[in-house]
Structure formats: structure tokens, C-alpha cells
Amino acid sequence: MIVLKAPQEKLLTALQAVAGIVERRHTLPILANVLLRKTGEQIEFTTSDLEIQVRTSATLGGDAGSLSTTVGARKLIDILRTLPSDQLVSLTASGSKLTLQGGKSRFTLQTLPSEDFPLVNEAVDFGPVFSVPQKTLKGLIDQVHFAMAVHDIRYYLNGILFVAEGKTLTLVATDGSRLALAQAQLETDIPKQEVILPRKTVLELMRLLKDDKDSAEATIEMRFAVNQAKFSFSGMEFVTKLVEGKYPDYNRVIPKNHKNIVTLGRAPLLASLQRAAILTSEKFKGVRVNIEPGVLRIASSNAEQEEAKEELEIDYDGPAIEVGFNVTYLMDALGNIGHEMVKFEMHDGSSAALITVPEQEGFKYVVMPMRI
């Protein structure tokens, strides 16, 4: 049976859309596969890692009739990538094998039965559907994702807090040493939601959501259950488990009345930090920041007694402040802010600093000081 016959580019696009969650090594070999369900010329592609499930479909020709099977997702993608984008490829099923053919190239791949593929059990108690522009959600994720924890024992920090209420959508991420918050105002009211999206889900949404000019009208539909979320966008369906647990009260962490404020260019500050970071200690990544009337100094050193010193002119006439920071935390924030100016708000050398953006009220980044 000819499962499909289509240009390489069309098949590769469909497979790449669902293959982001597939891990090459897994305790269940079938989870390295993509589930193919053919109905006439329409093929549905599904992948799963037991907690996340991604599905899309495409019209890819082939024989009439139905077929359901699974095949190695990464192998199929790796083969397709090596073929020309305008190459017409076919996928033929015979017994427990699938044969991919393109031009004079031919590849025979082993399949596993579709009935063994572990689909995610979808919740039955999903709440109401609401939608937001893809560009808005992707923009918010881009501004906070870097502050998520990685493999933290406090599992609720290994993800992003998603809060929707009225016309305000808020995303928060923290690893305990820094916190990033981004808010957007929507055109319509949305039902109150407060859930924690897992780290892997966040990174996959970043990869898949569109924010280009051609997709200005594209939206993402969302539904939440007690322990599950479902997203529909760009012809895809994305089901994910949610992180259970109580997220910290982020409002208590955000400084409210810092009086010492410096506004300066994001790009020059980032460049200075990147240069100073070269000579920081591999383990601690610390830099000293000195703020005095008219000047901001950045200094770093390491165990080899090497030093870096940077100076930036600033419009500031407050008291002198010296504070240590993990330079990576500062660079992460500045590298993901798409604005020209940033504002530093500080109290003293032992208090958390607040970084905001003059042009965007909804962004706040809190970074704790470190002792150097």
C-alpha cells in the first residue's frame, strides 16, 4: 500500500511539528516512534512522551483506504533532511516494514504496531475554551522562560505559572535566585485560570508558536482541566500534563519602593556584561556592579587573578551602591528583552534589584544579589 506520495518539504514539515517531544532514548522503544493514521489521502501524525501528546494532520496523497502504524520519528526526519526539498517521496507499507523512496534513494524501516502506542488519557473535565493571539503568548514566554528552574527538587519551579484573569494574562518563572514576570492586556475577558505549565511544554510551545508578520491574526485556543491542558493552534493539537503544587507568591518578591533608579541602553550594558563574563570564575559567575553619580562600573576576576573592568556613563545622582550579581542572570534577562532601554531599580548592596522596561509596563525581572 502506498501510504503517501508528496514533496519532501510537506512531509518533513508535518513530522517536525510533532517530533520535538520525541526522545531518542526511552524506556519504552515505541515512544521513539510517530503514530501514523491514514484515512484516504489524509494522514494524522501523533507523538507522545506519556505526559505530552502532539498531533497534526496533512493531506499527502497515496492510495485510498486506511492504515495505522508507528515508525521511528527521528530516523524518518534525518533521512528526509538529506533529500532535496522539491524531491517527490513515497512511503509504502508492506508487512511490518515501511519503505521510503525518493529519486534513486530507498530506505526500509521497521515498524511497531499502532495498538501498542501509549496515547495520553485526556481529561473529561476541561473548562471553557478561550483564545489569545499566538504572537502575544510567544512574546510573554520569550520574556520569562529563561528564569525557569531546571531539575529543582521544588518541582513546581520547573515550569511557568500561567495566570489569566479578566483581560490580563500573566506569566511568571523563577528558580529561587531570580524571577521574571511578563503581562499582556487582551482585547476580551478570559475565564480565571491559574496553572503551572511544565518546562518541556513551555519550550515546545516556544518552538511551535508563530509570531511572524504573516501570522498576525493567528490565535491559540486553550482549555484547562484539573491536571491537564489542551492547546489548539496552526492545525495542531497539544495535550500536556500540568505541574501540581502551590506556586510561591510572586508579588511578595517584587520590590516596590526602590528609590535609586538608573535608566540606560540595553545593548551597551549587555555588551559590557558579556565582556566581563569572560573573566569570571567558572563556578560562581559573579560580577561586581558599582553605581556612582554619572558612572556605572562592572568588574570581574577569577582564580588566575585575571581582571576585567568596564565603565558606562549614566544619568544618576543618587548614593553610591556596590552589589554583586551572577552575570548569567543579568545577561539572560537583557538578551531576551526586545527594547532599547532598561531601568535598574536598587535599594542597597544587599537587596534584590528590579529590572524593568520603560516602554513596557508589564515586564519585571528580579535578581537576588550575591556575595563576591
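Which residue caps the N-terminal end of α7? The cap is N326, with a side-chain oxygen 2.9 Å from the backbone nitrogen of T328. Welcome to a predicted model, where local features need pLDDT of at least 70, side-chain atom pairs count only at pLDDT 80 or more, and totals for chains, interfaces and linings use all residues. Residues are numbered from 1 along each chain as its sequence is written, and side-chain values use heavy atoms, leaving out hydrogens and water.

**The chain overall**
- You will find seven helices and 22 strands in the chain; these are DSSP runs (helices H or I, at least four residues; strands E, at least two), numbered from the N terminus.
- The C-alpha trace spans about 80 × 50 × 40 Å along its principal axes.
- Among the 372 residues, 51% count as buried, meaning under 20% relative accessible area with a 1.4 Å probe and protein chains only.
- Of the contacts with a separation of 6 or more, 67% are between residues 24 or more positions apart; a contact means heavy atoms within 4.5 Å.

**Helix α7**
- Helix α7 covers residues 327–335, and its buried residues are V327, Y329, L330, A333 and L334.
- Those buried residues fall within an arc of 165° seen down the helix axis, so they line one face of α7; the arc is taken from the directions from the axis to the C-beta atoms.
- An α-helix has 3.6 residues a turn, so residues three or four places apart point the same way.

**Around K230**
- K230 sits in strand β13 (residues 228–233) and is buried, at a relative accessible area of 14%.
- Its side chain makes a polar contact of 2.9 Å with the side chain of E122. Such a contact is a pair of N or O atoms within 3.5 Å; within protein, one must be able to donate a hydrogen and the other to accept it, and residues adjacent in sequence count only if both atoms are side-chain atoms.
- Leaving aside residues up to four places away in sequence, K230 touches E122, F126, E221, M222, R223, E237, F238 and V239.

**Around S351**
- S351 lies in the loop between β20 (341–346) and β21 (353–357).
- With 19% relative accessibility, S351 counts as buried.
- The side chains of S351 and D348 are joined by a polar contact of 2.7 Å.
- From T69, S351 is 282 residues away in sequence and 58 Å away in space, C-alpha to C-alpha.

Methods. Buried means under 20% relative accessible area, exposed over 50%, partly exposed in between (1.4 Å probe, protein chains only).
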